[in-house]
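This report describes one protein chain for a reader who is new to structural analysis. Please keep the sequence and the model in view while reading.

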Amino acid sequence: MDIGPVEYVVIAFPGNRFRGEIAPELKALVASGTVRILDLTFIKKDEDGSVSFVELDALDPTEASVFDDIEGEVGGLFSEEDLALIAEDLVPNSSAAMLVWEDTWAAGITGAIRRAGGELVAHERIPAAVVEQAYEDAA
């Protein structure tokens with residue numbers, strides 16, 4: 001079985017203002033076969049700097065309900081050290097969602113590259129602002 005590249009993202013929410021707009025987009029990505037969610041963990045840093053970590057399966061049912069229709073094998077890929085490092089960078093009174101997903105859209109090409117003896121030697125995500133500026137400069 002070919003496995004696509006696996007990525008992680010950390011999305012911060014200053015003021016602990018997480019809302020449910022992300023869940024439907026994640027659901028659409030999963031339903032279309034674009035990604036497969038491998039882990040999803042939430043970090044909350046209170047005003048006094050105390051930190052708590054919550055895995056998706058440990059959320060209050062009403063909080064977790066926005067993720068009910070997102071399929072994936074969610075579970076425990078983040079170590080306590082990973083979570084602590086991210087929590088260090090959070091400002092007080094903020095939260096973050098940490099996601100790990102497989103880019104299933106790339107599984108076929110990834111497998112073909114391996115079978116052809118190819119090796120990935122560079123990969124970098126170019127920030128959207130840089131691409132937008134490049135298009136503006138070219139216009």
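Which side chain of opposite charge is nearest to D103, and how many Å away is it? The answer is given under the second heading, after a short account of the model.

## Model and overall fold

This is a predicted model, in which local features need pLDDT of at least 70 and side-chain atom pairs count only at pLDDT 80 or more, while totals for chains, interfaces and linings use all residues. Residues are numbered from 1 along each chain as its sequence is written, and side-chain values use heavy atoms, with hydrogens and water left out.

The protein chain has five helices and four strands, arranged along the sequence as β-α-β-β-α-α-β-α-α. Helices (H or I, at least four residues) and strands (E, at least two) are DSSP runs, numbered from the N terminus. A contact is defined by heavy atoms within 4.5 Å. Of the contacts between residues at least 6 apart in sequence, 81% join residues at least 24 apart.

The chain has 139 residues, of which 28% count as buried. Buried means under 20% relative accessible area, exposed means over 50%, and partly exposed lies in between (1.4 Å probe, protein chains only).

D103 is found in the loop between β4 (94–102) and α4 (107–115). D103 is buried yet has no salt bridge, and R125, the nearest side chain of opposite charge, is 4.6 Å away. Here Lys and Arg count as positive and Asp and Glu as negative, whereas His and the chain ends are not counted. A salt bridge requires a side-chain nitrogen of Lys or Arg within 4 Å of a carboxyl oxygen of Asp or Glu.

The side chain of D103 does make a polar contact with the side chain of W101, at 3.0 Å. A polar contact is a pair of N or O atoms within 3.5 Å; within protein, one must be able to donate a hydrogen and the other to accept it, and residues adjacent in sequence count only if both atoms are side-chain atoms. Not counting residues up to four places away in sequence, D103 touches G4, P5, E7, T34 and V35.

## Salt bridges

The count of salt bridges comes to three. One joins R115 and D2, with the closest N and O atoms 3.0 Å apart. R115 lies in helix α4 and D2 in the segment before β1 (6–14), so this pair ties together parts that are 113 residues apart in sequence. R115 is exposed, with a relative accessible area of 59%, whereas D2 is partly exposed at 30%.

Another salt bridge is formed by the side chains of R125 and E7 (2.8 Å, N to O). R125 is in the loop between α4 and α5 and E7 in strand β1, 118 residues apart. R125 is exposed at 55% relative accessible area, while E7 counts as buried at 16%.

E102 and R36 also form a salt bridge, their closest N and O atoms being 2.6 Å apart. Because E102 lies in strand β4 and R36 in strand β2 (residues 36–45), the pair ties together parts 66 residues apart in sequence. E102 is buried, with a relative accessible area of 4%, and R36 is partly exposed at 24%. A polar atom of the E102 side chain also lies 2.7 Å from the backbone nitrogen of G4.
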